[in-house]
Amino acid sequence: MAGFLNHLSILHILLVFSLCSTDIGGVSSLGINYGQVANNLPTPDRVIDLLASLKIMKTRIYDTNPRVLTAFANSSIEIIVTVPNEMVSQLKDPQQALQWVLTNIKPYFPSTKITGIAVGNEVYTGDDTTLMSDLVPALTSIYNALVQLGLAAYIHVSTANSLAVLATSYPPSSAYFSSSLTGLIVPFLRFLSATNSPFWINAYPYFAYKGDPASVPLDYVLFNPNSGMVDPNTRLRYDNMLYAQVDAVIFSIAKMGFGNIEVRVSETGWPSKGDLDEIGATVENAEAYNRNLLVRQVSNEGTPLRPNQRLEVYLFALFNENMKPGPTSERNYGLYQPDETMAYNVGLATLTSSVTSVSLTSSAKRVTLLITLDMRWDSIRCDMILVCPDGT
């Protein structure tokens with residue numbers, strides 16, 4: 001990173017946040033991941049009924065399962081599909097990408113509300129350098145195929161990233177991408193900016209707590225009442241780790257010159273069971289984390305850096321998946337058991353029902369945050385300029 005920074009002097013980042021009037025008819029910023037690494041899950045038709053009963057209208061799957069895509073037709077549930085990592089490299093070829101879209105997207109759209117294509121998962125933090133290099137060409141080829149078929153206005157193309165793409169994330173204003181990824185991240189961000197696509201992040205405060213329970217306050221990661229932390233550079237106060245992680249990504253993107261990209265959470269959750277060394281993996285903690293997060297989502301909250309841009313979050317996951325490899329926690333992230341009984345009750349149906357008739361409004365105003373950073377990282381200055389509705 002030092003070599004990269006030596007070529008820069010002062011980077012001016014202009015982040016504009018709009019605080020606009022918002023009418024809410026449901027939890028539009030909440031989705032849930034529908035993983036299927038199990039041999040005992042209910043049929044897709046039953047899953048649709050479950051999601052409808054919970055008033056969750058967004059989901060994400062990790063493939064393009066025809067049974068799921070067919071079942072979800074005319075359900076009004078928005079769905080993000082995934083290109084598995086092992087297919088990414090072949091889809092950098094434009095003809096292969098076009099054929100993939102013709103086979104996996106076009107036959108189902110628009111009856112099935114496919115709204116996004118996730119090309120790979122956590123590619124940049126794997127160990128396959130060829131796959132990393134092929135990701136942006138594959139994104140581009142798939143996007144161009146959507147353009148050719150007249151679908152690009154309805155379906156975004158992106159990828160889900162691990163928080164490990166950041167070299168540091170604390171405090172949020174000091175976050176930046178790993179220097180080893182700079183050459184890959186810049187073209188990726190350029191693609192997202194050009195296509196108005198979101199940066200998806202898999203963010204799990206659970207892992208931070210598990211890794212250092214003596215230093216990471218449990219209430220802070222669970223959204224429970226706590227004293228929080230104040231970013232010493234921006235003076236923004238954070239009362240939970242997830243929002244701090246998201247803002248760390250926003251700052252990192254902005255430092256690369258792309259302040260206009262929306263950051264969304266593709267996965268977050270908490271396991272209800274784990275091995276002996278998986279500290280914090282309990283029903284009580286899982287219930288607290290997901291319930292408290294859902295309360296925030298019902299309120300359509302934003303992060304401290306973007307307080308009036310609703311943070312879109314996809315919970316992980318809908319079901320416990322009995323065939324997932326790895327530690328016990330991997331098979332116990334679900335809100336539900338495969339027999340559709342609750343793993344624990346976060347009050348999801350009650351929470352989502354309570355907002356169907358709620359309308360929240362805020363004064364239309366525009367906040368401009370001008371951040372001047374010395375790229376030697378020894379100083380940072382933030383100036384808040386508030387522009388009122390009348391332009392004064």
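This note goes through selected features of a predicted model, point by point.

1. Basis. The model is predicted, so local features need pLDDT of at least 70 and side-chain atom pairs count only at pLDDT 80 or more, while totals for chains, interfaces and linings use all residues. Residues are numbered from 1 along each chain as its sequence is written, and side-chain values use heavy atoms, with hydrogens and water left out.

2. Strand 2. Helices (H or I, at least four residues) and strands (E, at least two) are DSSP runs, numbered from the N terminus. Strand 2 (residues 30-33) is covered on both faces, with Leu30 and Ile32 buried on one side and Gly31 and Asn33 buried on the other. Buried means under 20% relative accessible area, exposed over 50%, and partly exposed in between (1.4 Å probe, protein chains only). In a regular strand the side chains alternate between the two faces of the sheet.

3. Neighbours of strand 2. Two strands pair if DSSP finds at least two bridges between them. Strand 2 pairs in the parallel sense with strand 13 (residues 313-315) over three bridges, and Gly31 has Tyr314 as its bridge partner there. Strand 2 also pairs in the parallel sense with strand 3 (residues 58-60), over two bridges; in strand 3 the partner of Ile32 is Thr59. Strand 2, helix 2 (residues 44-54) and strand 3 form a right-handed β-α-β unit, right-handed meaning that, with the strands pointing away from the viewer, the path from the first strand over the helix to the second runs clockwise.

4. Largest pocket. Its volume is about 490 Å³. Of its 20 lining residues, Tyr62, Asn121, Glu267, Phe316 and Lys324 are the closest to its centre. The lining divides into eight nonpolar, six polar and six charged residues. A pocket here is an open set of points on a 1 Å grid over the protein atoms alone, with protein on both sides within 12 Å along at least five of seven lines; a cavity is a set where a 1.4 Å probe fits but cannot get out, and lining residues have an atom within 4 Å of a point. Grid points are joined across faces, edges and corners, and a volume is the space filled by probe spheres set on the points. Ala, Val, Leu, Ile, Met, Phe, Trp, Tyr, Cys and Pro count as nonpolar, Asp, Glu, Lys and Arg as charged, and the others, Gly among them, as polar.

5. Aromatic pairs. The whole structure has 19 aromatic pairs. Tyr209 and Trp270 form a tilted one, 6.4 Å centre to centre with 35° between the planes. Rings of Phe, Tyr and Trp (its six-membered ring) pair if their centres lie within 6.5 Å; planes under 30 degrees apart count as stacked, over 60 as edge-to-face and the rest as tilted. Tyr209 is buried at 11% relative accessibility, and Trp270 is buried at 0%. Ring pairs link both residues into a cluster whose members include Tyr62 and Phe316.

6. Backbone details. The peptide bond from Phe109 to Pro110 is cis, with omega near 10°. Another cis bond joins Tyr170 and Pro171, with omega about -10°. Arg235, not a glycine, has a positive phi of about 65°; Arg235 is exposed, at 60% relative accessible area. Glu340 also has a positive phi, near 75°, and is partly exposed at 23%.
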